[in-house]
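Please open the model in your viewer and keep the selection tool at hand. The tour below moves from one selection to the next and says what is found at each stop.

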Amino acid sequence: MHRWEVAGVKSFLAALTSFAVYLAGLINEATVVLLFFMFLDMITGLLRAWMTKSLNSTLGMAGLIKKFAVFVVLAMTAGIEYFFIHMGQDTNGIIIMGVASFFIVNEGLSILENCAQMGLPIPPILYNALDKLNKDPGGKEQKLLRDPMLETIDKAVLIKEIQQVQQEKIVQDNKKEE
């Protein structure tokens, strides 16, 4: 997928989310949902890094800086909306809601990607969509230098190893019960 196609998909989903939030009358709640999704993304990102043994403080700090930048953009959007309101144009919060919805979709995709990399079962259509999004030359996977160890990890092998460890634990627990 090309970068503009990825942006188009995210924008469409953001517009759809914005419209739903607008219909529900949850303008301020969109920022709360965004904050919650950011929290979930950080947690799933840490769990994924721990499971793949790729914890990296530099990548973690870069992620936190990006999340802070999202709120800078959101604050800037709120300023623009404030400007329109004082110019006599009642926007009903649609501008800030649109921007928040875009970032909500972005965080949701990141959470899904983290869960897929941890080996959680993801519906095939979503897994294929995530795979296509990650092939984007301007995507987040390309912007930060990845730990070279990550490139050598085969996700399928990792999932099989986790399942094998779980089976061994079950066998051990059964022996203890006997």
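Begin by selecting lysine 169 and aspartate 173, whose side chains meet in a salt bridge with 3.7 Å from N to O (a salt bridge being a side-chain nitrogen of Lys or Arg within 4 Å of a carboxyl oxygen of Asp or Glu). This is a predicted model, in which local features need pLDDT of at least 70 and side-chain atom pairs count only at pLDDT 80 or more, while totals for chains, interfaces and linings use all residues. Residues are numbered from 1 along each chain as its sequence is written, and side-chain values use heavy atoms, with hydrogens and water left out.

Because lysine 169 and aspartate 173 are four residues apart in helix H8 (residues 155-177), about one helical turn separates them; helices here are DSSP runs of H or I with at least four residues, numbered from the N terminus. Lysine 169 is partly exposed at 48% relative accessibility, and aspartate 173 is partly exposed at 30%, where buried means under 20% relative accessible area, exposed over 50%, and partly exposed in between, with a 1.4 Å probe and protein chains only.

**Stop two: a buried network**

Next, select Asp41, Lys67 and Glu107, which are linked in a network of salt bridges. Lysine 67 pairs with aspartate 41, their closest N and O atoms being 2.7 Å apart; since lysine 67 lies in helix H3 and aspartate 41 in helix H2, the pair ties together parts that are 26 residues apart in sequence. Lysine 67 also forms a salt bridge with glutamate 107, at 2.9 Å from N to O, and because glutamate 107 lies in helix H4, that pair ties together parts that are 40 residues apart in sequence. Are lysine 67 and aspartate 41 buried or exposed? Both of them are buried, and glutamate 107 is buried too, with a relative accessible area of 7%.

Keep glutamate 107 selected and show its surroundings: not counting residues up to four places away in sequence, it touches Leu34, Phe37, Met38, Asp41 and Lys67, contact meaning heavy atoms within 4.5 Å.

**Stop three: the nonpolar core**

Now select Ala30, Leu34, Met38, Val70, Leu74, Ile96, Ala100, Phe103 and Ile104, the nine residues of the largest nonpolar core, which is a set of buried Ala, Val, Leu, Ile, Met, Phe, Trp, Tyr and Cys residues joined through side-chain atoms within 4.5 Å. H2, H3 and H4 are the elements that give two or more residues to this core, and H4 gives the most, with four residues.

**Stop four: the nonpolar patch**

Turn to the surface and select Phe36, Phe39, Met42, Ile43, Leu47, Met61, Leu64 and Ile65, which form a nonpolar patch with about 760 Å² of accessible area together. Patch residues have over 30% relative accessible area and no salt bridge, with like charges joined within 9 Å and nonpolar side chains (Val, Leu, Ile, Met, Phe, Trp, Tyr) within 5 Å; accessible areas come from the Shrake-Rupley method with a 1.4 Å probe, and for residues only the protein chains shown count as cover. Which helix gives the most to the nonpolar patch? That helix is H2, with five residues.

**Stop five: a loop residue**

Finally, select lysine 53 in the loop between H2 and H3, which has a positive phi of about 55° although it is not a glycine. Most residues other than glycine have a negative phi. Lysine 53 is exposed, with a relative accessible area of 70%.
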